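Subject: Structure for you to look at

Hello,

Here is the structure I promised to pass on. Please open it next to this email.

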Amino acid sequence: MRARRRARRSRRYSTGVADCVFCRIAAKEIPASIVYEDSDVVAFKDLNPRAPLHVLVIPRRHVSGLAQLDDVSLAGKLALAAARVAKDAGHGESFRLVVNNGAGAGQSVFHVHFHVLGGRTFSWPPG
Ligand code: 5GP
Ligand code: ZN
């Protein structure tokens, strides 16, 4: 990438990471089916849904994983947004919240996200 383009890009991602797919979704650079957003949080449908309801809730600012999230207020906002997304989709009484932290636990995108899953029954323990 040419230097000027790179500089322009990194200015746009002042609170994010230029090659992070979820930062790019939050910045509306990559299209996504957004179901909820506010100044701190964005929620959008998963590209490869594992349940009739499968939404990802992310902070706008880049945090690589739950283990790196040190903002109590932001953690609460993510949890409340997840419950709201489930409720708005008609699954407010029965849904599952999943956070994969680290590659060994199945994390593949290193921008923290809460999976909100609903609309079917879930087994326990998860695989
Ligand atoms: P993880 O494996 O990190 O817990 O979950 C990452 C999730 O992000 C996966 O369920 C995957 O389908 C989803 N995902 C990856 N890239 C994109 C994308 O570009 N758009 C959307 N909407 N979801 C994505
Ligand atoms: Zn990011």
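This is a predicted model: local features need pLDDT of at least 70, side-chain atom pairs count only at pLDDT 80 or more; totals for chains, interfaces and linings use all residues.

**Overall layout**

The protein chain has three helices and five strands. From the N terminus, the order is α-α-β-β-β-α-β-β. The chain holds 127 residues, and 20% of them are buried. Take the contacts with a separation of 6 or more: 58% of them are between residues 24 or more positions apart.

**The core**

The largest nonpolar core has 22 residues. Within this core, A43, V55, V57, A82, V85 and V116 touch the most other members. Five elements are listed as giving two or more residues to it: α2 (21-26), β2 (41-45), β3 (53-59), α3 (72-88) and β5 (114-118).

Leaving aside its neighbours within four places in sequence, A82 is in contact with V57, L97, F114 and V116.

**Helix α3**

α3 is 17 residues long. From first C-alpha to last, α3 reaches 24 Å, close to the 24 Å expected at 1.5 Å a residue.

Which residues of α3 are buried? They are L78, A81, A82, V85 and A86. Viewed down the helix axis, the buried residues of α3 fall within an arc of 135°, so they line one face. The general rule behind such patterns is that an α-helix has 3.6 residues a turn, so residues three or four places apart point the same way.

The cover over the buried residues of α3 includes β1, β2, β3, β4 (95-98) and β5. The face turned away from the buried side carries the exposed residues V72, S73, G76 and L80. Just after α3 comes G90, with a positive phi of about 90°.

**The ligand**

Ligand 1 has 14 residues around it. L47, N48, N100, S108 and V109 come nearest. By type, the shell divides into seven nonpolar, five polar and two charged residues.

Two residues to check lie in the loop between α2 and β1 (34-37). One is K28. Phi of K28 is near 65°, which is positive in a residue other than glycine. Most residues other than glycine have a negative phi, and most peptide bonds are trans. Is K28 buried or exposed? K28 is exposed, because 11 other C-beta atoms lie within 10 Å and the cut-off for exposed is 12 or fewer.

The other is I30, also in the loop between α2 and β1. I30 counts as exposed because it has 12 C-beta neighbours inside 10 Å. Leaving aside neighbours within four places in sequence, I30 is in contact with V21, R24 and I25.

D38 sits in the loop between β1 and β2. D38 counts as exposed too, with 10 C-beta neighbours inside 10 Å. D38 and A81 are 43 residues apart in sequence, but their C-alpha atoms are 9.4 Å apart in space. A81 is one of the buried residues of α3.

Last, look at the segment after β5, where P125 is found. The peptide bond joining W124 and P125 is cis, with omega about 0°.

Best wishes

Conventions
Residues are numbered from 1 along each chain as its sequence is written. Chains are lettered from A and ligands numbered from 1 in the order in which they are written. A residue is near a molecule or strand if its C-beta atom, placed from the backbone, lies within 6 Å of it. Ala, Val, Leu, Ile, Met, Phe, Trp, Tyr, Cys and Pro count as nonpolar, Asp, Glu, Lys and Arg as charged, and the others, Gly among them, as polar. A nonpolar core is a set of buried Ala, Val, Leu, Ile, Met, Phe, Trp, Tyr and Cys residues joined through C-beta atoms within 7 Å. Helices (H or I, at least four residues) and strands (E, at least two) are DSSP runs, numbered from the N terminus. Two residues are in contact if their C-beta atoms, placed from the backbone, lie within 7 Å. The expected span of a helix is 1.5 Å times one less than its number of residues. The arc is that of the directions from the helix axis to the C-beta atoms.
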